[in-house]
Amino acid sequence: MTTVQSYTALPILIFIFLITGCSDESYQAERDNHNLMIAKLDSIVEDARYDPLKYFHANEFRVAFLDSLINANPNDPRLRYYYAFENKNLGDLEKAISNLERLENFPTDSASQRMLNEELAINYLRLAEINNCFENYTPTNCILPFDEEAVHQNKSYVQSSISRLEFLLNRYPDNYTFHWMYNIAHIANSSYPDAMDSDYLIPGLQDQEDLPENLIAPMFGDVGMMKGVGVDEISGSACVEDFTGDGNPDIFVTSYGLTDKGMFFESDKEGGFNNRTSEAGLDGMMGGLNIVCSDINNSGHVDILILRGAWLAQHGEHPNSLLRNNGDGTFTDITISSGLYEEMPTQTAAFADINQDGYLDIFIGNESSSEWQDVFSENDEEPKSYPSAIFFNNGDETFKRVETLDGFELDQFVKGASWGDINNDGFPDLYVSVMGGDNKLFVHRGLDDAGVPQFEEISQKAGVE
């Protein structure tokens, strides 16, 4: 009996060994691809460090680049202005203000005076808001209408902004940007409207008693800092989904900065969140002006697509990232194995089951040749073509890229996209926002005999260009 059992168990053990071995190899391949993506993102950061002028938002590297130039040319007003500008965008407002105020010692024409005072007004107002947020934090800070708690306690910075704005309004009374900033500054200073010049007053920003009740919006408070998600980065995107499957919504957020981490905040089940970025395996997943989230493999767990390179033209040849939700609170970058890896400037994408096979396909809109791309071209380089594409889901976590279908082709500067059934025929239609060109509406006309979607571009006929 023992001998028979041993021989019977042998094929089972061999089978288990083979399955385990394959599983280990598959896991290692996934980890290798995940780490390759992190290495690629690291190389982009190093490129920005070496040549920061290619990346208008790489402000930390641009400031470092300008440091040596400003030390060698301390009396160059143009250089000092740009130095102050980069420090402002980096968030070092006090250093920006210090450098701008030094420029007042230089003789300037009216145009330069306007630029200088406008920058000082902006910097002082931003510094006032940031200090108020940290020194006098309330959930109503920086939200109109201000309540009494949100009014600035330290008024010196906001009053400096008001002084600069008065200078500008005396010279440019029809500039409504200055009007708006002047009103906001006085609200923060608790001097709206009584202490204002009535010529520049925008009425109704604080007092809503005279409005009909149906026009008064409900008030929302900013509780991000209180709940553990007060990330202080530049613009990015967020998905709120139950990523962990425990019945509570979690948050994944990105930032456009090349060194800014994507962050995963897991619900603490009590209305707050804990930063689980490292535990989720997401360290090194940097950048991303936009993200879209959906379940790409029908696992019941929401996956994440990070979009990178937007607005950078040929310098934005950065890969997107498809992060598979492993269902255990971790994510794996499967971009390379999925067939989605490409290096193009991208801000938008949208999911839909285009061929009705039960799996979500993806439209990825890239930023191709246009006047907007020309802004970033150097040395009279010809703008490059980055065609948008539909990626058909093969059902096994891989995709097939298709640039042209019957009635579908798009090679423009795409900024937004959304699928929706506009004619109730059961097929998803695609509306695309194009920067500097006509928007596009691709109506899904059904599947051909081979199951391939057919489209018709009807934006002009539909009046939605």
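Modeller: Helices (H or I, at least four residues) and strands (E, at least two) are DSSP runs, and the numbering goes from the N terminus. This is a predicted model, so local features need pLDDT of at least 70 and side-chain atom pairs pLDDT 80 or more, while totals for chains, interfaces and linings use all residues. Residues count from 1 along each chain as its sequence is written, and side-chain values use heavy atoms, without hydrogens and water.

Colleague: Okay, Ser190 then. Why is it called partly exposed?

Modeller: Buried means under 20% relative accessible area, exposed over 50%, and partly exposed in between (1.4 Å probe, protein chains only). Ser190 has 47%, so it falls in that middle range. Ser190 sits in the loop between α7 and α8, and its phi is near 60 degrees, a positive value in a residue other than glycine.

Colleague: Which peptide bonds here are cis?

Modeller: Among them are Leu144 to Pro145, with omega near -10 degrees, and Tyr192 to Pro193, with omega about -5 degrees. Pro145 is in the loop between α5 and α6, and Pro193 in the loop between α7 (176-188) and α8 (224-227).

Colleague: On to rings. How many aromatic pairs does a search of the whole structure find?

Modeller: The search finds 13. Rings of Phe, Tyr and Trp (its six-membered ring) pair if their centres lie within 6.5 Å; planes under 30 degrees apart are stacked, over 60 edge-to-face, and the rest tilted. Phe243 and Phe264 have their centres 5.9 Å apart and their planes at 80 degrees, so that pair is edge-to-face. Phe243 is in the loop between β1 (236-241) and β2 (250-255), and Phe264 is in strand β3 (residues 263-267), 21 residues apart.

Colleague: How do you know whether Phe243 counts as buried or exposed?

Modeller: Phe243 has 1% relative accessibility, so it counts as buried. Phe264 is also at 1% and counts as buried.

Colleague: And why is the pair of Phe408 and Phe455 called tilted?

Modeller: The centres are 6.0 Å apart and the planes are at 50 degrees, so the pair is neither stacked nor edge-to-face. Phe408 lies in the loop between β12 (399-402) and β13 (414-420) and Phe455 in strand β16 (residues 453-457), so the pair ties together parts 47 residues apart in sequence. Both Phe408 and Phe455 are buried. They also belong to one aromatic cluster with Phe363, Trp419 and Phe442.

Colleague: Last one: what makes α5 roughly antiparallel to α6?

Modeller: Helix α5 (residues 110-135) and helix α6 (residues 156-171) pack at about 155 degrees, with axes 8 Å apart. Axes are lines fitted to C-alpha atoms, for helices over the stretch in contact (heavy atoms within 4.5 Å), and angles run from 0 to 180 degrees between N-to-C directions. Under 35 degrees is roughly parallel, over 145 roughly antiparallel, 65 to 115 roughly perpendicular and the rest oblique. So α5 comes out as roughly antiparallel to α6.
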